[in-house]
Amino acid sequence: MTNVNNEKLSSARFAEATDAFVEVFTASVDFDKRMAQQDIQGSLAHAKMLCKIGVLTDKERDDIICGLEKISTEITEGRFTWSVKQEDVHMNIEARLTDLIGIAGKKLHTGRSRNDQVATDIRLYLRSEVEHIAKEMTRLQTALLNLAEQEADTIMPGFTHLQVAQPITFGHHLMAWFEMLCRDQERLQDCYKRINVMPLGAAALAGTSYPIDRHMTAELLHFSRPSANSLDSVSDRDFAIEFCAAGSLIMMHLSRFSEELILWTSAQFDFIDMPDAFCTGSSIMPQKKNPDVPELVRGKSGRVTGHLISLLMLMKSQPLAYNKDNQEDKEPLFDTVDTLINCLRAFADMVPHIKPKKASMYKAAKQGFATATDLADYLVRKGMAFRDAHEVVGQAVRLGITTQRDLSELDLAELQKFSPDIGEDVFAVLSLEGSVASRKHIGGTAPDTVREAVFTARKSLETP
């Protein structure tokens, strides 16, 4: 026998009650209740606007405000009773409001629909969370700047193809991470502009016949403007997709940071020491110190990218306007928010405690003929064509490989066999210190340039 529930919102339309399983299957309150405060915020603004246009009396407006504030306190203190029978966060709050203040609670829904109500709640929620995420990113960026400034002179190998390429400084490498996060911040700020548009007033899909003042409501809710088309207003989830795209890029960058940290903590690299508080041991191997936090962040990047794909697939075939499919937008969005905040927090807490192993970094930079390009540039400055210089240096490298010596360890006579243009001054060029110091241009790895970049970046973070 089918289990049914006779308590259903707007049930007068239906000849039979909703199946109990279907009621649970279609309910969203278990996850959308996290938008409760945003729902109350939107209802407060809507009530004030309804009073202004004469739909509510002053007393009804005040009763609604008082009731919603009481509900807000109940939710904050964990005393609110959520019911799956009311389907979602909106109807749970409306039902409780009607219990508290009577018929005025039922009047609150005048001139709006759950379609524009949920669209408004999501935007209010996401707007707040973007601000939270941006603050965590700024905290991480600040940590990177502080460490980069501290390690502006610390020499390490730079890599291409994961092979030693040229010497750089650890500070310069950290500033590359910083630049990635700067682009992420810009994307978030740009995404925020499209989040901050108010759909409330679009009602179910066609607007409302009541003389509502959408500009007043938008101003009360601090939206930049009301949305322009009622059909689009209730069905648009581009802003959520765009946020998840920005979030996927943030997580991709954190995953790249993680990969390098994981490599650097290995015995094979031995470039850094990770703080014990962000690592774990092995259940069987007592010597192990596993970089679990970076590994988890690297893994969670796929989770956020998956949410982006999920939302794209959710929206790709939907006709206008609202469809029940859109109930599936919240869980991927909420989890993206939670994952971003947690990963950024973990990195912002961890980065200040990373300790570079300078001797290991320096030793690694001495391997792989990292100053070969510097020797080629030296010959070009002596008047040789770069392609000829490239050939000369290749011969010198071959000698170094054969004799197991770095270019800086070859004597002058040996180097001059490859080109008489090479003089005693070449050894300043072939040193790691001379190599990094020579790159003084904007964006270069020279220690003073890194410190200037940190100074400029810190000023930009301080500017609203």
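**Entry 1: helices α4 and α5**

How close do the axes of helix α4 and α5 come, and at what angle do they cross? I began here, keeping in mind that this is a predicted model. Two packed helices are described by the angle between their axes and the distance between the axes. I looked up both values: the axes of α4 (residues 58-76) and α5 come within 9 Å, and they cross at roughly 120 degrees. Angles of 65 to 115 degrees count as roughly perpendicular and those over 145 as roughly antiparallel, so α4 is oblique to α5. I noted the hand of the crossing too, and for α4 and α5 it is right-handed.

Next I listed who touches whom. From α4 come D63, I64, G67, L68, K70, I71, E74 and I75. From α5 come I93, R96, L97, L100 and I101. Sorted by class, the contact of α4 with α5 has eight nonpolar residues, one polar and four charged.

**Entry 2: helices α3 and α5**

I then turned to α3 (residues 36-52) and its crossing with α5 (residues 89-101). Their axes come within 10 Å and cross at roughly 60 degrees. α3 and α5 are therefore oblique to each other. The crossing of α3 and α5 is right-handed. In this contact, A36, D39 and I40 of α3 meet V89, H90 and I93 of α5. I wrote down the classes as well: four nonpolar, one polar and one charged.

**Entry 3: aromatic rings**

How many aromatic pairs does a search of the whole structure find? My search gave 10. I picked out W177 and F257, whose ring centres are 4.7 Å apart. Their planes stand at 20 degrees, and planes under 30 degrees apart count as stacked, so this pair is stacked.

**Entry 4: M361**

Is M361 buried or exposed? M361 is buried, with a relative accessible area of 0%. I found M361 in helix α14 (residues 358-365). Setting aside neighbours within four places in sequence, M361 is in contact with T154, I155, M156, P157, F170, F271, I272 and P356. One of these, M156, is 205 residues away in sequence, yet its C-alpha is 4.6 Å from that of M361.

**Entry 5: backbone exceptions**

Most residues other than glycine have a negative phi, and most peptide bonds are trans. I went looking for places that depart from this.

- E87 has a positive phi of about 75 degrees although it is not a glycine. I located E87 in the loop between α4 and α5. E87 is buried, with a relative accessible area of 13%.
- H161 also has a positive phi, about 55 degrees, and is not a glycine. H161 is in the loop between β3 (155-160) and β4 (163-169). At 76% relative accessibility, H161 counts as exposed.
- The peptide bond from L320 to A321 is cis, with omega near 5 degrees. I placed A321 in the loop between α12 (292-315) and α13 (330-350).

Terms used: Residues numbered from 1 in each chain as written. Predicted model: local features only at pLDDT ≥ 70, side-chain atom pairs only at ≥ 80, totals over all residues. Heavy atoms only, no water. Axes fitted to C-alpha atoms, helices over the stretch in contact; angles between N-to-C directions. Helix = DSSP H or I, 4+ residues; strand = E, 2+ residues; numbered from the N terminus. Parallel < 35°, antiparallel > 145°, perpendicular 65-115°, else oblique. Left-handed = near helix turned anticlockwise from the far one by under 90°. Contact = heavy atoms within 4.5 Å. Nonpolar A, V, L, I, M, F, W, Y, C, P; charged D, E, K, R; others polar. Phe/Tyr/Trp six-rings, centres within 6.5 Å; stacked < 30°, edge-to-face > 60°. Buried < 20%, exposed > 50% of the residue type's maximum accessible area, 1.4 Å probe, protein only.
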